Amino acid sequence: MPRERVAVVGLGKLGLCLATILASKGYEVTGIDTDEHKLELISQGKPPNFEPRLERLLRKNRDRLSVSMNYEDIKRCSISFVVVPTPSETSGEFSLFFVKQAMEKVGSIISKVRKYHLVVLTSTVMPGSMQNTVKPTLETSSGKKCGADFGLCYNPEFVALGDVVRGMVEPDFILLGESDKRAGDILSKLQRKLCNNSPYIERMDFANAELAKISVNSFVTMKMSYANTLAEICEKMEGGDVTKVTKAIGRDSRIGPAYLKGALGYGGPCFPRDNIAFATFAKRIGAQGDLAITTHEVNMRQIDRITQRIESEGVAPPFKISVLGLSYKPNTNVVESSQASMLAVSLARKGFEVHVFDPAITTVSSGVIVPALVYESHLLNCIRNTELCIIATPWKRFSKINKAEFKNKIVFDCWGIFDGLPKAKKYLRIGLYAPSA
Ligand SMILES: NC(=O)c1ccc[n+]([C@@H]2O[C@H](COP(=O)([O-])OP(=O)(O)OC[C@H]3O[C@@H](n4cnc5c(N)ncnc54)[C@H](O)[C@@H]3O)[C@@H](O)[C@H]2O)c1
């Protein structure tokens, strides 16, 4: 029996992982992207983005994944996933520019085929987008009727960069907005084949699924800002230690321990913008999104707060400071909205000599790079060349540094990866009582 053929439109950080996993589960996959250089790398088995487990999986399943700039191959597929960017506009809403562009092309191909086709949007969109924009775009460009001639689903992902492959095959749950039962049944069947666990599939209409998607990230950011509020309190309360408080309250099943840690604030390509989109959407429809706004404000003040704490240690420019970690989280080279990067830049702008090291960032090509930062290619040199060391991203590798390397240095352990450093000149941690904080 011939294998089922599916298309993935948009082979970026998410789309390539999805295409590769589909191929690994036996599907014949057509990957489509507008970026020729990306396609060239993928066809050589080289993922354009750093993502653990992806390269091996891609090389192993390359024979079932063909890539192209041409949408025509969709004719041979029964399902098309669309995973293109939805960048944030200044209003806080997500742009549908790329989604519309891709849907118009998918629709024009559907118009030429007689068999039923299922279109699945994976990209994050604002509530109302599927019903008001995506569905009409497909109907107009295909000349066909959604629900009868083709099906449409919204199926966003909840994965984190650095954990995308595992996250896609072992999700906590699957969220599925569907145009009709037939469309939802087809996608549910595919998802069951894709997942190594048996997640609950929450099926519903488009608008509630769109709201549920951004609500998850908005809620998780609220938890992180709550933990950072506790950290601020603990720094001013005699004997305060945020790790003791969060560990205790996290045991309450109503709260849970995940993402409940006093540390640097959240960043990356999803958390900040999904939370802002949530607040923007609430405002647009006349509801109150003030929890999300406060969450954002708490997050944004962390950099100034930490910078001031460092200055309060009696160090002044051009004192040498090392910042370990630039990415917004471990196991990725993404620096978008990364508080580790923001902190390094903030200190450099104040005139400190800032040396930086990140295991996944070896070139001066990403957005954070400012000429004032000194890029170190060796972790220990980065520490040894400076007098104050900030551990800004909790890469596992940093927890294995010999503690003697920190002898006579001031250490600011933002993630509490060490439980004190006896030989350090001073050991500081976010959320630990500091009389002058
Ligand atoms: N990255 C994450 O952690 C994450 C997590 C959850 C949801 N999302 C959402 O998933 C979507 C995609 O995110 P990403 O991080 O994979 O983006 P990305 O920018 O890494 O990749 C998008 C890809 O789409 C391609 N593309 C753009 N227009 C196209 C078109 N018309 N036809 C074909 N290809 C086109 C681009 O060249 C690029 O390769 C976004 O809506 C994002 O919010 C991302």
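**A close look at S142**

Mentor: Neighbours within four places in sequence aside, S142 is in contact (heavy atoms within 4.5 Å) with G107, I110, S111 and F150. The model is predicted, so local features need pLDDT of at least 70 and side-chain atom pairs pLDDT 80 or more, while totals for chains, interfaces and linings use all residues. Residues are numbered from 1 along each chain as its sequence is written, and side-chain values use heavy atoms, with hydrogens and water left out.

S142 belongs to helix 5, residues 129-142. Helices here are DSSP runs of H or I with at least four residues, strands are runs of E with at least two, and both are numbered from the N terminus. With a relative accessible area of 7%, S142 counts as buried; buried means under 20%, exposed over 50% and partly exposed in between, for a 1.4 Å probe and protein chains only. The S142 side chain reaches the backbone oxygen of L138 at 2.7 Å. That is a polar contact: a pair of N or O atoms within 3.5 Å, where within protein one must be able to donate a hydrogen and the other to accept it, and residues adjacent in sequence count only if both atoms are side-chain atoms.

Helix 1, residues 15-24, is mostly covered, with 9 of its 10 residues buried. Among them are G15, L16, C17 and L18. After helix 1 comes G26, which has a positive phi, near 100 degrees.

Now the ligand. It is surrounded by 26 residues, and D33, K38, Y71, T86 and R273 are the closest; a residue is included if one of its heavy atoms lies within 4 Å. By class, this shell has 12 nonpolar, 7 polar and 7 charged residues. Nonpolar here covers Ala, Val, Leu, Ile, Met, Phe, Trp, Tyr, Cys and Pro; charged covers Asp, Glu, Lys and Arg; the others, Gly among them, are polar. Ligand oxygen atoms lie 2.6 Å from a polar side-chain atom of D33, 3.0 Å from a polar backbone atom of T124 and 2.7 Å from a side-chain N or O atom of R273. The protein covers 91% of the 830 Å² of accessible area that the ligand has on its own.

Last, the domains. An automatic or database assignment gives domain 1 (5-204), domain 2 (214-300) and domain 3 (302-429). The C-alpha centres of domain 2 and domain 3 are 23 Å apart, and 18 residues of domain 2 are in contact with 17 residues of domain 3.

How values were computed
Areas by Shrake-Rupley, 256 points an atom, 1.4 Å probe, with all protein chains shown as cover.
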